[in-house]
Amino acid sequence: MKGAPTDQKWHVPATEDSPHEGGFRAEIDVTVERGGPRYGELIEQVRTFMDKVRYANPTPELVDEIISDLQEFNAKLDTVLVDEWTSPSGTRIDLPARGNITLPPYEVVDGGEHGVTATVEFRPFHLGGNGVAHGGHVATAFDDLGGMAAALNVHGICRTAYLTVNYRSLTPLSTPLMLRTWVERRDDRKLFVKGTLHDGERLCADLDALFIALRRGQA
Ligand SMILES: CCCCCCCCCC(=O)SCCNC(=O)CCNC(=O)[C@H](O)C(C)(C)COP(=O)(O)OP(=O)(O)OC[C@H]1O[C@@H](n2cnc3c(N)ncnc32)[C@H](O)[C@@H]1OP(=O)(O)O
């Protein structure tokens, strides 16, 4: 199977012990402690691993060896799986991209009702082709940081209704870039969000998106 996980252990249902119940959690239970002081190093090693996999041409013997090692790692992690609300990945606000391994690592420089400014660095594994970033990864960065601008504006969770990215010039890998997002206009639950991605003075891409503030308990 390609494209979606079949292992339902990734969707552990909330229990009475989970920090919140209901639909989308109204408050993300952020943390700087879960996973311990070296959790960021773990995430960084995983990203580095993906960089290496993207560019390596391993022998079949090395592939066998690495599969075996990964099976051991996965078996270890199987013993500590929790629901999404209590996983450090995505809630460790002290780490780049909240420790979320699926996001391009960014660091928020400034954030509030007025918008978000972040540095973002696309990794070697974010390769699209010919040495530059894949457009989907650029859109992912805009989605998360556009959603953050919307959330900070309304003090609540928002979901993306549409997201248009204009790719104005090539986006380099392994280069600190500046990403900005802000709510240009609010109409009740509708947040019209704009954004830009710059490499120095050069505009790489810009964003035009609509986020909808969720009602209480809405999924
Ligand atoms: C601090 C942590 C920060 C973390 C940030 C993470 C950000 C990540 C954000 C995401 O990636 S969310 C995942 C991707 N998005 C989705 O899966 C959303 C799927 N769609 C839905 O769930 C619903 O369609 C949605 C919540 C977006 C809207 O449904 P609702 O029932 O809440 O609202 P409704 O359909 O009544 O629409 C509300 C208004 O928005 C308008 N609208 C909705 N979708 C639209 C659309 N696509 N284009 C234009 N207008 C749209 C709609 O016409 C209406 O306008 P009016 O109030 O003027 O009548």
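This is a predicted model: local features need pLDDT of at least 70, side-chain atom pairs count only at pLDDT 80 or more; totals for chains, interfaces and linings use all residues.

**Around the ligand**

Guide: The ligand is surrounded by 13 residues, and the closest are Gly147, Met148, Arg159, Thr160 and Ala161. Residues are numbered from 1 along each chain as its sequence is written.

α3 gives the most, with 5 residues. Helices (H or I, at least four residues) and strands (E, at least two) are DSSP runs, numbered from the N terminus. By class, the shell has 6 nonpolar, 2 polar and 5 charged residues. Here Ala, Val, Leu, Ile, Met, Phe, Trp, Tyr, Cys and Pro count as nonpolar; Asp, Glu, Lys and Arg count as charged; the others, Gly among them, are polar.

Now turn to the core. The largest nonpolar core has 27 residues, and Leu145, Leu179 and Val193 touch the most other members. At least two core residues come from each of β2 (115-120), α3 (135-154), β5 (158-167), β6 (177-187), β7 (190-199) and β8 (202-213). α3 supplies the largest share, 7 residues. Such a core is a set of buried Ala, Val, Leu, Ile, Met, Phe, Trp, Tyr and Cys residues joined through C-beta atoms within 7 Å. Buried means that 20 or more other C-beta atoms lie within 10 Å of the residue's own; 12 or fewer means exposed, and in between is partly exposed.

Look at Leu179. Leaving aside neighbours within four places in sequence, Leu179 is in contact with Tyr106, Ala118, Val120, Ala141, Leu145, Gly195 and Leu197. Contact means C-beta atoms, placed from the backbone, within 7 Å.

Step back to the whole chain. The protein chain has 3 helices and 8 strands. From the N terminus on, they run α-α-β-β-β-β-α-β-β-β-β. Of its 219 residues, 22% count as buried.

The chain is assigned domain 1 (23-102) and domain 2 (104-213); such bounds come from an automatic or database domain assignment. Their C-alpha centres lie 23 Å apart. Across the boundary, 9 residues of domain 1 are in contact with 10 residues of domain 2. The touching side of domain 1 has 6 nonpolar, no polar and 3 charged residues.

Conventions
Two residues are in contact if their C-beta atoms, placed from the backbone, lie within 7 Å. A residue is near a molecule or strand if its C-beta atom, placed from the backbone, lies within 6 Å of it.
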